[in-house]
Every structure is written in structure tokens, then in C-alpha cells.
Amino acid sequence: MNGRVLLKGNEAIAYGALEAGLNAYFAYPITPSTETPETLAKEFGNSKYPDFKVFLQAASELEAINMTLGAASTGDLAMTATSSPGFSLKQEGISYAVGMEVPFVIVDVNRGGPGLGNLGVEQSDYLQATRGGGHGGYKLIVLAPNSVQEMLSFPKLAFDLAFKYRNPVLILSDAFLGQLKEDIAPNQSANGHNYDISWATLGMKNGQRHVLNSLHLESDSQEKHERHLYQKYVQMRNEVRFEKMDTDDADIVLVSYGITSRICKSAVKTGRENGLRIGLFRPITLNPFPYSQLSILANQGKKLLVVELNTGEMVEDVMLAANGTTRVEQMNRLGGNVPTVADILAKCKEMI
Amino acid sequence: MMLQSVDEYETKLGVPEGWTRTPTHYCPGCEHGILTRLIATVIEGMGIREKTVMVDSVGCSVLAYEYLNCDHIQAPHGRAPAVMAGVKRTHPELTVFTVQGDGDALAIGLLGTIYAAIRAEPVTVFLYNNSIYGMTGGQMAPTTAVGQVTTTTPYGRDLQKTGNPIDIMKILSQTEGPSYLRRGILAPEPVEAKHGMMYQAKNVLQAKKIIENAFKVQQKGGYSFVEFLGTCNVNWKMTVEESKHFLYDQVAKRYPPGIFRDKLGIEGSPK
Ligand SMILES: Cc1ncc(C[n+]2csc(CCOP(=O)(O)OP(=O)(O)O)c2C)c(N)n1
Ligand code: SF4
Ligand SMILES: [Mg+2]
């Protein structure tokens, strides 16, 4: 893409993946994520993206994630996007991929509530995303964009990290960001990738047999494997990313990610115009969570207000970071409702 | 030919390069071992071992990566067809196949099984139909006969409660996708002979041919699905000999072997 263009977040993710050198995409429609596969279906065969060789609509998210697993096992760049109910179905394949050390990228466009919920924006998949939503106690690197520009640039970052750690990476966006249209700057386009894929199952590559497997029947071998995975999670902590705004002299620091961090930015500006010393701390990686960076602010006695679209999920991580050193308050909306700047400022005044 | 030991067996029959030489965990008298060896021999004979990815399912076939000397991906229970599609679509130059149990392919994985056939993915499925869940200790499978006793049907499978057993050849025959649909028998046939019981290897040798045919179909770009009837003497609670009789006298009557589709004429004129 050249020049500045107006794109929806979900479309930007598609272009970001193509520019990262996406090889294979496996789809199952679900609102509000479907513009991603629709964009990719449209661009399939475009000579601008010679690496993009497979687009396939599966019969379910179970099929889609396992196709992703198969394609990624060959060392190809594979991706699948979905929204909350579909994300639940994908947990099985994600857990296997972690156990097998197969890298790929998943996108979850968070929508409302448990069950079918609704199509409105929520951030209620936070714990599922950051704690390893499937079985077996695993971790994903979780990236939380808050703009269409980041929706464009994060797929490349996600593939870099996925291959670096041989672990799936999740981009956690939401119903608002997915539909949000913004004018964005073009990225570099990529041609092929040079990730290390010496582990890939490509048919005895270099005369060596490759087995991608998550089964270790003997206790010692299973323990060794899980400790090896754990060591990777520890290494991943080096990838922590966050953004700070006006925190130095702040009395209250808003803690928020994704779309609500955008509202918080406006609140900080408006608040400061009205004499309130507010700042913003925005985790960009939800896992690894920027515990130590946030704990510095907590230790300085700044009050923390967690703004999120659920009944209180990231607040658990914020409280871990604060570790009892300061007051942590919450502001939550649900079902597609979002807090306004006025709501946030009213709460801040209450806290002072 | 009477073979006394494993070593002698290997000298007489040769060790296929397709076998890693790891001793198998299969129960004595089970045909999972026969199937593994036949596949090893065929992929070696066809010269495709080094361009093959086997996708392992969940069931007694799960440890195939220990035995078959090629690349492997161990898939979640029932998802081997989807994983195969991911591999084959991105790398059409690879031979991609799986061995699935009847529980894996026909219960938890039925959606994936049918859709791989509908989309005519150019991959190969070898179904090991032993009418039971072997690995988990003998529960009812989609192929368990009405009246058959299993640990979850202790009074016999009840037609009213659980419906009819699945005939996957009939189901897949309804779809246009598959190029090759074949049912064969993996077990040697017990026959009465002058000096007592004997086993005839005819069907086992034919099974080898069928495996080769299935791979040839894949090489020509077609989807091949082979259902092999096998035993599970341990969970059928039978002796090895009884299990072979049961397979031929009961199971093979319900699931008659034959060619159900041969679009490419691999076994003769196209059907
Ligand atoms: C998601 C999931 N559910 C259940 C199981 C337990 N399980 C392992 S093997 C198996 C069925 C095996 O039966 P079959 O596929 O017929 O293979 P066989 O062992 O008979 O060859 C089951 C239910 C599992 N591993 N994963
Ligand atoms: S449990 Fe049954 S199917 Fe499994 S190896 Fe033993 S005899 Fe074979
Ligand atoms: Mg079985």
C-alpha cells in the first residue's frame, strides 16, 4: 500500500499480515472480525503478495485452528482471526501449538459477554488471553493494539515474536478497534522471511527426521518439557511493551489498554486542562504484563484507576503490580458501553 | 516359514527403512502393528519416505512417530484431517497421510473427516476400525455393533439410545470429493486346516496393495480414504484367535470389504 489510506482495524490487520509475508490464512466467519478474512479473500492472488498461497474457509474454528497448526508446522507464516466465541473453540489448537512449539498468529476481536453475548465491544477475554485460555498452564505473548496504525504494524511484530520463541502470539483487539476507521501510513512490504525453521516438518529436510509432538508419556520427560516451556515464558518477559503519558507528576494514573486507552488519553488531556494531574499507563503487551514498570508508579504513591470493559480482569494484574502500596480503583462498562471522558474525570475527582 | 525370534524375522523379511526399529507398544495379536509395518514398507518401496509427513491421531495409533521413520505432526484428537489440509495446501509436494481410529475419525472428528472429503483434500486417511475405543480401555465407538458389550454399554449397545453404527463408506459415498474409497481387512484369516488352526495372509497382502493404491491416488491429486477392519482382542475381551473369528464372522459381515469409489481407475477401470 502506498500513501495514506482510510482503513478499518480488521482490514489493517489483514494488510499487516500480508506485508509481514503471510503464507496461509484459515477463516471462519464471526462478527465483528470478518473484515479480516474478507480483505484477505479479496487480495488472494494479488501479485503484490506472492507469498500468500493459501486462503481457505474452514467448516468451524476447530478446523481453522488445526489447519493453521498444520500449515505453521511446515514453517510457513499462518494466521487465523476470530471473535470471542470462536476464540474459545480455538483454545484446543492453541494449547497443542504451545506444547508442540509451533509458531503462528491468532487474532481475537473481543466482543460482549459469555455465551453468544453480543456484538458490542468488551475486554472480557483478558484473563482467557493472558492466562492461557486452554488446558495445561501455558502462556502466549499477547499484543494489544489501540489504533488502526498498530493493527497494521502488529502482525509483523507478532510473527517475529512467534518465530523467535516458537510459540503462538495473540493479537487481542476488540469490536470497537476492529470497526474503527482511521487514516494510516503505509508500512514496508516484506518479501519472504528468514526465520529459523530448522524444526519444520517438510519431509526429512536436510536428511533429518522432524517430529512435532506434545505427548511425553514419562513423568520426567513431561516435566523436562514443561520446564523448557516455562524457561521460554521467562525469556518472553524481555518483550514487555508499554506506553506512558504524563505520569511523572500525576496524582492519579489511569491504567488501560486497547480502545479504552484511547478514551483515557482524551481524559488525561481534558483533565489536565482542568487542573487535574492525571496520567496514563498503557500496557501494550498484556502478557508479559509490565508489572515492574507499573509498580514503580505505585511505589511513588500515585493512585491507580483501572479502566476496562469487563467486570475487573486486568485489575488483578494491576493489584499484583501495586502489591498493596497504593489505592487501586476500577471503572468498568459492559455490553458495548464505554466510559466517557466525563465519567472518568468524575471518578478521578472522587479519588482525590 | 516358521520364525523363532525377532532377529530371524528381520533377516528373513528385511527391515524396512521406514521403520525406526523401536519396538511397538501394540498388544500382541493387534493389527495396528501390521498396518504400521505395511505403511513403512510401502513408503519405502514407493521412494516417498523422505517427502512424507504423517499426521498422528489420538488413539492406539498415537505413537506412530516412534515407529514410522518419516516426519510427523501429532494432531489433537479428531483433528488430523484439518492438520493434514494445512500441511498439504501449503506444501502440495509432500505426501500427507494419517492413521486414525474409529473414535478419532468418526466420533469427535467426523466433521473434519467429512469436510476433508468434500473439499477433496489430496491427502490419505487410513482408518483403523476396531469397533471400539482401544486406547481408553474399551468404550463404545461409533462402529460398535448393536448389542455389543463395551465398558460404556455393559448391557450391550442399545439401538434406541445410541442409534445405528456408522458406515463411513456409505457416508463418504454421498460426497463427490473422494477419488478412492476402499474397505479392506488387516487381519489374517483364521482357517481350519488338517493340523489345526491356520492363518491365511491373503487380505494382509491385499492391504499392502490398497495402501499403495491410496498413495498413488494422492500423487494424482485425489483424496483417498481407506477403512481397514482390525481387531482389539484386549478390549473385546477375547483371545487372539477368537478375535480373528469375530472379525471375519461378525464385523466383516456388517462392514463388507470392497471398492466403494475408484474415480482414477487405480484398481482397474474407473468406477
Ligand atoms: C479431546 C480428547 N478427548 C478424549 C480423549 C481421550 N481419548 C484418547 S484415545 C480416544 C479414543 C480412541 O479410540 P479410537 O479412535 O477408536 O482409536 P483406537 O485406540 O481404538 O485405535 C479417546 C476418547 C483425548 N485424548 N482427547
Ligand atoms: S488396545 Fe486394542 S487397538 Fe490398542 S493396541 Fe491393544 S489390541 Fe490394539
Ligand atoms: Mg477404535
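In chain A, the mean positions of the 33 positive and 38 negative charges lie 4 Å apart; Lys and Arg count as positive, Asp and Glu as negative, and His and the chain ends are not counted. The place of a charge is NZ of Lys, CZ of Arg, CG of Asp or CD of Glu. This is a predicted model, in which local features need pLDDT of at least 70 and side-chain atom pairs count only at pLDDT 80 or more, while totals for chains, interfaces and linings use all residues. Residues are numbered from 1 along each chain as its sequence is written, chains are lettered from A and ligands numbered from 1 in the order in which they are written, and side-chain values use heavy atoms, with hydrogens and water left out.

**Overall form of chain A**

- Chain A contains 12 helices and 16 strands (DSSP runs, numbered from the N terminus: helices are H or I with at least four residues, strands are E with at least two).
- The radius of gyration of chain A is 20 Å, close to the 20 Å that the globule rule gives for 352 residues, so chain A is as compact as a globular protein of that length; the radius is taken over C-alpha atoms, and the rule is 2.2 Å times the number of residues to the power 0.38.
- Along the principal axes, the C-alpha atoms of chain A fill a box of roughly 70 × 50 × 35 Å.
- Of the 352 residues in chain A, 59% are buried (buried is under 20% relative accessible area, exposed over 50%, partly exposed in between, with a 1.4 Å probe and protein chains only).
- Among contacts in chain A with a separation of 6 or more, 78% involve residues 24 or more positions apart; contact means heavy atoms within 4.5 Å.

**Backbone features**

- Most residues other than glycine have a negative phi, and most peptide bonds are trans.
- A cis peptide bond, with omega about 5 degrees, joins A:Thr31 and A:Pro32; A:Pro32 is in the loop between strand E2 (24-27) and helix H2 (35-43) of chain A.
- A cis peptide bond also joins A:Asn287 and A:Pro288, with omega about -5 degrees; A:Pro288 is in the loop between strand E14 (285-287) and helix H10 (291-299) of chain A.
- A:Glu101 has a positive phi, near 60 degrees, and belongs to the loop between helix H4 (84-100) and strand E5 (105-112) of chain A. A:Glu101 counts as buried, at 13% relative accessibility.
- B:Ser131 has a positive phi, near 55 degrees, and counts as buried at 0% relative accessibility.

**The magnesium site in chain B**

- B:Asp102 (OD), B:Asn130 (OD1) and B:Ile132 (O) coordinate the magnesium ion (ligand 3) at 2.0 to 2.2 Å. Donors are N, O and S atoms within 2.8 Å of the metal (3.2 Å for Na, K and Ca); water is not among the atoms, so sites may look incomplete.
- B:Asp102 lies in helix H5 (residues 102-108) and B:Ile132 in the loop between E4 and H7 of chain B, so the pair ties together parts that are 30 residues apart in sequence.
- B:Asp102 is buried, with a relative accessible area of 2%, and B:Ile132 is buried, with 1%.

**Surroundings of A:Val328**

- A:Val328 is in strand E16 (residues 328-332) of chain A and is partly exposed, at 21% relative accessibility.
- Beyond its neighbours within four places in sequence, A:Val328 has contacts including A:Leu304, A:Val306 and A:Met319.
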